[in-house]
Amino acid sequence: MLSRRAFNRSLFAMGSLLAMGAAAFGQDTVVTSTLATPAPGKPSKTGKANSLATQTEIVEGQNQAPMLTPNSASSLQGAISMYEEIVTGGGWEPLPNRPLKKGAKGAPVIALRQRLVRENYLSFDTLSNADADVYDSDMVDAVKAFQINHGILPSGQVAEKTIAELNVPADTRLGALRENLPRVDAYAKDLTGQYAILVNIPAAQLETVEDGHVYSRHNIVVGKLERPSPTLASKVSDINFNPYWKIPASIVEKDIVPKYMADPSYLQQMDIRIFDGVDGPEIDPTLIDWTTTPPDRYFFRQEPGPHNSLGAVKINFPNKFMVYMHDTPHRELFGRNVRFESSGCVRIDQVQTVVKWILDRTHAPLDEATYQNLTTTTEQYEQPIDGGPDVRWMYLTAWATDDGRVNFRPDIYGLDGTDFIFGQPQPKTY
C-alpha cells in the first residue's frame, strides 16, 4: 500500500500531468463522451475536441494506469486513509458560487487555493506565497487535475459544475470510497492485469489493458436509467462481423411493436424480419394482432446492413444477461457529454481498435484491408477467440489508480448504499 505521503505526491503529480495533456478542452461540462482519435495525437475528423472532455485514443507506451488492477484495493485503501485524515481534520469549507479563471485575484482565489490544498492538488507551501491571492498557472493545472479526476472537462476554469464538485463534503467523498472498496475487491478477483477489457458504467468509458498499462481508451454508450447495464466478469469468446441482431423480447415489446403500429413500414425500413421461432418460417406481420400477441411469441431479427443496431461488429463473452459490446450506426451519440442511451449493451467508439487489439494478440491478426472488406459488405463472419481478454463491466463511482489518482463519478443508477456489486440493477424510476 502507498504511504499517505507518497500517495498524495503521486496524486498531485499525475493529476497535473494529465491535466496539462488535456489543456485543449475548454468547457465546464460533465465528462461522459468524446469522439474518436484513430491514432495517438490525431483527432477524429468528426470530433469536437473543444467541447468534449476525454478522447478515444491509443495511449500505448505512455504507461497510463488502468481503472482496475490486482493492486486496486490497496490503492483505494490508501485513498480512504487520506480522506479519513481530511475528515478528522474538519473537511473543507464550501466555496461561493462564483466563476474564477486565470488572472483572478482576491479572497475567493485564496479560498479556492485552500480547498485545492486540502486534497493535495496544491502544496501547503503555496498558501504562504506573496501572490497566494492570484489565480496563477499552478492553480490552472491543479484545477484541471481536479476536473479530470471528477469527470469534468479540464478547462482550468472554475464554473458551476466544478464548484458543485468542489463543494461535495469530505465525508461524502470518504463514504463513496468506502462504498467502492468491496466492488474493487470483487472486480479484481482473478484479474491478472495482463490482458483485459475494463468497462466503467458511471464513467461511460472503456479501457483495453495489457501488461498492467492502458493500451487504448474509448468512450462508450451504456444503459439508460430505465434499462441499466449489468455488471459482470467474463472473457471474450468470439467476434461477429456483420451480425444479425436477435432482438430481445423486452425491446420488441417496448420499442419495435409500438413503432410498427405507429408506422406499418417501420419493419421494412429497418430490415427487421419476424419468424415463428429461431429456425421457423417467416411471418407476415400484417397477419398478426399485435394488441394481443405476447412480445416473446415470435422471433424478431434485424438483418446485417446500414440500419443494423449492432453496426458492423459485435464482441461476445459468456454472460447470463444477453449483453455484448458492439459497433453502432448512431455514432453521433459519441459526440454527447451524457451517453446513457443503450438498452443495456455497450456501444464502443472506434470499436475497430478494440477488435484489432484482440485479434492481434490472439491467433488471428486482422489487417486494415481485411477489416474494411468485412465491414463494407453484409457477409457474416464469425471469429472464435481462444484465450481472449478478461472482461469486467464495473460500477465504480469512486476508485484510485495505482499511480495515486483518486476519481469520482456520479452514482447514475443510484446503487451506492445498496451493497451492489455484481448483477442487473433495477431500473431507476421517476
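How many bridges join strand 8 to strand 9, and do they run parallel or antiparallel? Four bridges join strand 8 to strand 9, residues 299-302, and the two run antiparallel. One of the pairs is Phe275 with Phe299, the latter in strand 9.

Before going on, the ground rules. This is a predicted model, where local features need pLDDT of at least 70 and side-chain atom pairs count only at pLDDT 80 or more, while totals for chains, interfaces and linings use all residues. Residues are numbered from 1 along each chain as its sequence is written, and side-chain values use heavy atoms, with hydrogens and water left out. Helices (H or I, at least four residues) and strands (E, at least two) are DSSP runs, numbered from the N terminus.

Now the helices. Helix 2, residues 72-88, packs on helix 6, residues 170-188, at an angle of about 160°, with the axes 9 Å apart. Axes are lines fitted to C-alpha atoms, for helices over the stretch in contact, and angles run from 0 to 180 degrees between N-to-C directions. The two helices are therefore roughly antiparallel (over 145 degrees; under 35 is roughly parallel, 65 to 115 roughly perpendicular, the rest oblique). The contact (heavy atoms within 4.5 Å) includes Leu76, Ile80 and Tyr83 of helix 2 and Leu174, Leu177 and Leu181 of helix 6.

Helix 3 (residues 107-118) and helix 4 (residues 137-149) pack at about 55°, axes 11 Å apart, and are therefore oblique to each other. Val109, Leu112, Arg113, Arg115 and Leu116 of helix 3 meet Met139, Ala142, Val143 and Phe146 of helix 4.

Last, confidence. pLDDT is the predictor's confidence in each residue, from 0 to 100. The chain averages 87, and 87% of the residues score at least 70. Where does pLDDT stay under 50? One such stretch is residues 1-27, with 64 contacts beyond four places in sequence in the model. Another is residues 29-49, with 71 such contacts.

Notes:
Two strands pair if DSSP finds at least two bridges between them.
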